[in-house]
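Colleague: I would like to learn how to read a two-chain model. Can we go through it feature by feature?

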Amino acid sequence: MTNASDDAFRAEVRAWMSEHLRGEFDALRDCGGVGDPAYDPKLARRWEQQLARGGWVGIGWPREHGGRALPLPQQVVFHEEYVRAGGPGRLGHIGETLLAPTLMSFGTPEQQRRFLPGILAGTEYWAQGYSEPNAGSDLANVQTRARLEGDHWLVDGQKTWTSWAHESDWIFVVARSEPGSQRHHGLVMLLVPLRQPGVTIRPIRQITGESEFNEVFFDGARTEAALHLGAPGEGWKVAMALLGFERGVSTLGQQAGFEREMECLIEVARRNGAARDPVLRQRIAMAAATLDALRCNALRVLAQDENAPVSRESYIAKFAWSNWRRDFGRLAADVLGAAACLPDDDAVAQKLRQVWLFSRSDTIYAGANEIQLNLIAERALGMPR
Amino acid sequence: MDLRLTEEQRQIADSVAELLANASDSARMRRAAFELGGFDPELWQQVAELGACAIQVPDAHGGLGLGATELVLVAEAFGRRLACVPWFESAVLAAATIRAVGDESASARWLPALASGEQICTLDLGLLERAPLVAQHRGAGWSLDGMLPAVPAAMAAHWLLLPVQDGGDRRLLAVALDAPGVTRRPRDNHDATRPVAAVTLQGVKVADAECLASGAAAGCALATARELAAVVLASEQVGVAQQCLDLTVAYLGQRVQFGKPLATFQALKHRCAQMMVAVELARSAVLGAAREFDGRPAGLRRLRLATMARSLADDAAQTCTQEAIQLHGGVGFTWEYDPHLYFKRAQAARCWLGTPGEWRERLAVALLDEAAT
């Protein structure tokens, strides 16, 4: 079911990856990303720039913004082959897949000219300033304040669960620009530099023992008056549009990553005898079957017309994959046996241990299970609020 | 792999769904299940007139020459309405078996009549354990003796495809169910929408021309048909699960307790949402499997696809039928409300063509035991 030009493109991606993910970058192969102890952020930046020089950043962006405007199937192929080759977690992910499309839709030409090239070249990295201590699932309860003073915005407040802030240069922040406003009214989306005296970043230690996310404190932090994305007061609309860009082609890259994890699990099970346990055999086969079904679901999502309303398969996608992976993490631990809690030098086993713990977060971030079920019940099934 | 459906595919699915929504609504389905022995001849005629029996039959034999994708789209409607017709047995399983045999004269003899619905053909699935059949070749044909305790659609069918052991050789025979020596007796069945009969064979004669395949070819044809049919059966299970979700959401919207509709309670909304996750993931699995079957995948891939479709759909059906009973409360346990019919159908279907556990074990062998590929 592929055509010849996609096959040629696949070969091109494979060849590029095997030619470039080597030498100093060997150390990044198969790394999960920030928070993986083996991940060296400085090296990761050089890798992002290498990717950029190869033309692999912004492959789906329109040409006017410096992208390659590749068709959807080829974007999918790139993500799949990137993961299959052991490409590391992408430091530039938030800028490339979340902020950039939002800039293209809502940004001024000056903002686009100023920020898109840095994302495209892998020289500027972005963090997402949404959640706060009292605005998690209830995001509209944002309390961070922004006020315009002269030619600057001044920002005060606190964001939390901010992935990769300590490795980023900029943050997009949802803040309350109209004092006394309620809920989703009176918000602004600001683009704020992270490296300034008014910003303090404190890493949060996670259940893995490492830090992938942070608390970010704003204490009179400054950004230029023109760096609001969309109109002040309409920050909610921009913030929600940005989340809409999250469901995209990278799903199949993620899928390819899960398939690699499944291969690791099978390798360990065959090695340590877990493959002979009749209960584990059933669970492994079920996990493999469900993983295949997730791929079908992702393809079904991609088969939808871009302008069609959100489809049934889109509504269930996040709940389905995140719960699969959470269960898979526990299966991985059961396959490892006692070795789940006793780290050793075995790279494959180590990957499974990482999955076991990291996958606890899948059902919490980007809309927790409970929020997903609300959305499915109320929006997809039309049950009353 | 492109999962977009064509306009023609949507039309086929819609036309069958529309017919069954009326002609096999709850009242008519119950009448067929409990008063007509689980077979509604009038509905069968309508289904056949719509071309639903001709989907996978090649043009040359009077069919539509379509594939697995069209079969699963239509199957979902049959599951959803528990239509009391042997569509799955005859138009899916038997037609796929005859197609897989690939014998031109057998195809010419049976497929046109199956495509038009004029004749109904079923297959012994070996649902219950039985003593081996005795098949002896005498003169120009076989003589069969034995008892088949549970043959689907045997009362309505004209032909029975029967795999037999003839000495050291395996054969696939077509037995005329009105032949001398054949006795059929309907069995009690909790799933009244898919009737099963005991068939006794006493010195039944089967002519040489009614042997469809022998030896490895017979086993191969049966396996091929079984994998395709498993995906189609999975789609029926998706229909079963979907209907239970819809019935439940509708009921929770009407039923008022504590002064408001039950549908406003978050605990219950979340249960329905989880049903929907199971239904949609299973539907994606079925559509993906069918689309890939249309591209004629290799053996291991077929096993993997069929296991995916059956595992997801059987579990979705079991979960959603159980949840429908629970969330309907007391009336969910009554004969009057429909959830129990779906619950029983879902359980019966789990055992057709291998249980989900058996499919998964076969997949486990391929993943874990065989040499790494």
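Colleague: What radius of gyration would a compact globule of 373 residues have, and what does chain B have?

Modeller: This is a predicted model, so keep that in mind throughout. A compact globule with 373 residues would have a radius of gyration near 21 Å. Chain B has 21 Å, which agrees. Its C-alpha atoms fill a box of roughly 80 × 55 × 40 Å along the principal axes.

Colleague: And how does chain A stand against the globule rule?

Modeller: Chain A holds eleven helices and seven strands. The rule gives 21 Å for 385 residues, and the radius of gyration of chain A is 21 Å, so chain A is as compact as a globular protein of that length. The C-alpha trace of chain A spans about 70 × 45 × 45 Å along its principal axes.

Colleague: Now the secondary structure. How many helices and strands are in chain B, and which strands form the open sheet?

Modeller: Chain B has eleven helices and ten strands. Read a sheet by its strand order, then by its pairings. Four strands of chain B form an open sheet in the order E1-E4-E5-E8, with mixed pairing. E1 and strand E8 (211-214) of chain B are the edge strands, each pairing on one side only. From one strand to the next, the twist averages 25 degrees.

Colleague: Which pairs run parallel, and which antiparallel?

Modeller: Go across the sheet. Strand E1 (residues 121-123) and strand E4 (residues 159-166) of chain B run parallel, joined by three bridges. There, B:Leu123 has B:Leu161 in E4(B) as its bridge partner. Next, eight bridges join E4(B) to strand E5 (residues 169-176) of chain B, and these two run antiparallel. B:Val164 stands opposite B:Arg171 in E5(B). Last, E5(B) and E8(B) run antiparallel, with three bridges. B:Arg171 has a bridge partner in E8(B) too, B:Ser214.

Colleague: What packs on the sheet?

Modeller: Helix H5 (residues 87-101) of chain B does, touching E1, E4, E5 and E8 of chain B. The direction of H5 makes about 80 degrees with that of E1(B). Helix H7 (residues 215-254) of chain B lies across E4, E5 and E8 of chain B, at about 65 degrees to E5(B).

Colleague: On to domains. Where are the bounds in chain B, and how many residues of domain 1 and domain 3 are in contact?

Modeller: The assignment for chain B gives domain 1 (7-120), domain 2 (134-213) and domain 3 (217-369). The C-alpha centres of domain 1 and domain 3 of chain B are 20 Å apart. The contact has 20 residues of domain 1 of chain B and 26 residues of domain 3 of chain B. On the domain 1 side, helix H4 (68-81) and H5 of chain B each give two or more residues. H4(B) gives the most, ten residues. That side divides into 13 nonpolar, five polar and two charged residues.

Colleague: And which domains does chain A have?

Modeller: Chain A is divided into domain 1 (4-91), domain 2 (126-232) and domain 3 (250-380). The C-alpha centres of domain 1 and domain 2 of chain A are 29 Å apart. Five residues from domain 1 of chain A and seven residues from domain 2 of chain A make that contact.

Colleague: Finally, the chain contact. How many residues does each chain give?

Modeller: Chain B gives 34 residues and chain A gives 32 residues. On the chain B side, helix H8 (266-293), helix H9 (299-327) and helix H11 (356-369) each supply at least two residues. H8(B) has the largest share, 13 residues. By class, the chain B side has 18 nonpolar, nine polar and seven charged residues.

How values were computed: Residues are numbered from 1 along each chain as its sequence is written. Chains are lettered from A and ligands numbered from 1 in the order in which they are written. This is a predicted model: local features need pLDDT of at least 70, side-chain atom pairs count only at pLDDT 80 or more; totals for chains, interfaces and linings use all residues. Two residues are in contact if their C-beta atoms, placed from the backbone, lie within 7 Å. Ala, Val, Leu, Ile, Met, Phe, Trp, Tyr, Cys and Pro count as nonpolar, Asp, Glu, Lys and Arg as charged, and the others, Gly among them, as polar. Domain bounds come from an automatic or database domain assignment. The radius of gyration is taken over C-alpha atoms; the globule rule is 2.2 Å times the number of residues to the power 0.38. Two strands pair if DSSP finds at least two bridges between them. Axes are lines fitted to C-alpha atoms, for helices over the stretch in contact, and angles run from 0 to 180 degrees between N-to-C directions.
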